[in-house]
Amino acid sequence: MPPDGWFKRKSKFPQGQTPTVAVEVPEGVATKCARCGQILFTKDFEKNLKVCPHCGFHHKLSSQERIACTVDDGTWQPMAGGLRSVDPLQFAEYPAKLAKGEQATGLHDGLQIGTAFIGGVPVVLGMADFAFMGGSMGSVAGEKVTRAMEAGIAQRCPVVLFTASGGARMQEGLLSLMQMAKTSAAAARLAQAGLPYIVVMTDPTMAGVLAAYASLGDVILAEPEATIGFAGARVVAQAVAQKPPADYQTAEWQLAHGQIDQIVARKDLPQTLATLLSLLMARPAVAAGAAVLTPSVPALPGQNGRGLGLELSTEAGAAHG
Ligand SMILES: [Zn+2]
């Protein structure tokens with residue numbers, strides 16, 4: 001038997017004191033959660049759709065990432081990607097900000113629109129990109145929302161818009177504010193055509209966008225803890241001379257006050273959208289992983305027994321003929 005202490009390595013440091021060692025982590029390997037500060041492996045973080053596994057915080061996604069995790073594989077067809085803002089008021093630094101947004105996102109404005117399938121249901125989809133000037137709504141975003149609605153009407157399919165915006169774009173002044181009326185009128189035309197409109201509010205959905213097309217969905221979903229409101233909390237506190245509650249202008253507060261219909265975790269959004277779309281369009285969801293649903297509600301009268309009767313196939317003529 002060896003004498004005591006032979007196999008015990010003595011620490012160089014006094015008891016309870018271990019040195020802090022600086023560990024070099026190659027860039028891009030780790031990501032820090034913006035809420036709880038936990039260090040996460042970027043690969044796992046991205047696999048988890050940029051939701052922190054420790055605290056559940058939903059970090060922002062680019063419009064491209066959102067498209068990738070929402071639509072059925074290989075079905076995204078962009079529309080109107082070439083639209084660009086002009087500088088009607090010669091607003092200071094506006095061209096530079098547009099150029100910066102283009103550089104950050106590879107887009108010409110903060111909203112992508114196109115067609116896709118979600119759970120086997122054809123849709124016109126709009127995805128806001130907060131990295132382009134805070135997703136602000138100028139003439140281009142307003143035009144794209146309008147074109148999305150018009151494409152929905154022309155193709156007889158529902159419109160789904162994901163919002164992420166600080167509001168109207170001040171650099172275009174009144175032209176930005178005008179988009180509130182323009183997009184609202186387009187949403188009204190979609191409703192008159194009997195076609196569903198679903199909004200998914202992501203962080204943040206504020207001001208002019210909330211007061212226009214974001215609030216007009218037949219069904220309004222939101223991601224957990226998304227900031228949703230009109231004026232900022234500080235402005236509201238000044239206006240009403242009292243402190244708003246701690247959860248003021250969160251998705252949870254808006255749900256409790258009837259502004260939105262459901263809060264859906266990011267990983268559940270494609271399935272929830274597929275279910276809603278298949279019910280609203282009275283057709284089964286067919287994509288892999290999507291539930292196949294048979295609506296239990298009877299079809300509306302005057303719809304030829306086909307619910308909303310909205311098929312994109314050759315049957316469309318028969319449904320409406
Ligand atoms: Zn976290």
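Mentor: Two residues are in contact if their C-beta atoms, placed from the backbone, lie within 7 Å. Keep that in mind for this predicted model.

Trainee: Which residues is Leu 40 in contact with, leaving aside its neighbours within four places in sequence?

Mentor: Ala 30, Thr 31, Cys 33, Phe 45 and Cys 52. Leu 40 belongs to strand β2, residues 39-41. From Ala 30 to Leu 40 there are 10 residues in sequence, and the C-alpha atoms are 5.5 Å apart.

Trainee: Why does Leu 40 count as partly exposed?

Mentor: Leu 40 has 18 C-beta neighbours inside 10 Å. A buried residue needs 20 or more, and an exposed one has 12 or fewer. The value of 18 lies in between, so Leu 40 counts as partly exposed.

Trainee: What makes helix α7 lie largely in the open?

Mentor: Helix α7 covers residues 233-240, and the number buried among its 8 residues is 0, so the helix lies largely in the open. Just after α7 comes Ala 241, with a positive phi of about 55°.

Trainee: How do you know that α4 and α5 are roughly parallel to each other?

Mentor: Helix α4 (residues 139-155) packs with helix α5 (residues 173-192) at an angle of about 10°. Angles under 35 degrees count as roughly parallel, and therefore α4 and α5 are called that. Their axes are 8 Å apart.

Trainee: Which residues make the contact between α4 and α5?

Mentor: On the α4 side they include Val 145, Met 149 and Ile 153. On the α5 side they include Leu 175, Lys 182 and Leu 190. The residues of this contact divide into 8 nonpolar, 6 polar and 3 charged.

Trainee: Which residues have the most contacts inside the largest nonpolar core?

Mentor: Ile 118, Val 123, Val 159, Met 201 and Leu 277, in a core of 63 residues. Helix α9, residues 269-280, gives the most to this core, with 7 residues. As for Val 159, not counting residues up to four places away in sequence, its contacts include Val 123, Ala 148, Met 149 and Leu 190.

Trainee: How many of the chain's residues are buried, as a percentage?

Mentor: Buried residues are 39% of the 321 in the chain. The secondary structure comes to 10 helices and 10 strands.

Trainee: Where does pLDDT stay under 50?

Mentor: Over residues 287-321, for which the model has 54 contacts beyond four places in sequence. pLDDT is the predictor's confidence in each residue, from 0 to 100. The chain averages 84, and 80% of the residues score at least 70.

Terms used. Residues numbered from 1 in each chain as written. Predicted model: local features only at pLDDT ≥ 70, side-chain atom pairs only at ≥ 80, totals over all residues. Core = buried A, V, L, I, M, F, W, Y, C linked by C-beta atoms within 7 Å. Helix = DSSP H or I, 4+ residues; strand = E, 2+ residues; numbered from the N terminus. Axes fitted to C-alpha atoms, helices over the stretch in contact; angles between N-to-C directions. Parallel < 35°, antiparallel > 145°, perpendicular 65-115°, else oblique. Nonpolar A, V, L, I, M, F, W, Y, C, P; charged D, E, K, R; others polar.
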